[in-house]
Amino acid sequence: MERWNGKVAVVSGASSGIGAAIVKHLAKAGMITVGLARRVEMVEALKSDLPEASRNHLHPVKCDISNEEDIIRAFKLVEDKFGGVDVLINNAGIARETDLLKPDNTQKLRDTLDTNVLGLVLCSREAFQSMKKRSVEGHIVHINSVVGHHVINFPNLNIYPASKHAVTAITETMRHELRAEGSKVKVTSISPGVVKTEATKGLEELGNTPMLEAEDIADAVLYVLGTPPRVQVHELMIKPVGEPF
């Protein structure tokens, strides 16, 4: 991680769970870390979890990833204040509970796709243009899911597995586009199994469901960022021991 010391990382969905763990890990690693979130006050509160020397590395920015204007505004702020983006962690994601075939569920479907697919692509676009303009050999990391590779039989997942399958395809498409550009920017998909977060509280009630901790995914982010420039980790799948799917 030494080569990223003092460089700028942008993390979406930074207010809690995996995103919160990632911003804390990156800030402690010496990166200027911009945490994008709707609940920006929760990102600010994360500073109290950091060593005093790392607290000024974390910078909360209010941003709704489902809103293109918010995304463009946030990346412009990063450029104006910090010079641009070197690393992007696309972590923001939602799953609105509904079956695909239920009536009056259109907004829940749109919310999931707008955040998990379109928001991820737009953030990647803005980050890459920043990297390209400054000839930065940056890194884009998508926090995907095991359900982006295999649809599990679980009620009310709605369009979430499809959105994560899209991330798997988008990662490969970006790799081709970056190669065609002659760019040294890397793109990585990290696909966790079930992670203990706000979003999975209901699963804890099932009792025996093995879960990862958010810190496990943050460790994985540091691993892929820490690989040599010649190495591209294209897909990293992480499951808790004993996961049944």
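Colleague: Is Cys 63 buried or exposed?
Modeller: Cys 63 has 2% relative accessibility, so it counts as buried. Cys 123 is buried too, at 0%. Buried is under 20% relative accessible area, exposed over 50%, partly exposed in between, with a 1.4 Å probe and protein chains only.

Colleague: What should I know about the model itself?
Modeller: It's a predicted model: local features need pLDDT of at least 70 and side-chain atom pairs pLDDT 80 or more, while totals for chains, interfaces and linings use all residues. Residues are numbered from 1 along each chain as its sequence is written, and side-chain values use heavy atoms, without hydrogens and water.

Colleague: OK, new topic. How many helices and strands?
Modeller: Seven helices and seven strands, taken as DSSP runs (H or I, at least four residues; E, at least two). From the N terminus the order is β-α-β-α-β-α-β-α-β-α-β-α-α-β.

Colleague: And what share of the chain's residues is buried?
Modeller: 49% of the 245 residues.

Colleague: What about contacts?
Modeller: Counting contacts (heavy atoms within 4.5 Å) between residues at least 6 apart in sequence, 70% join residues at least 24 apart.
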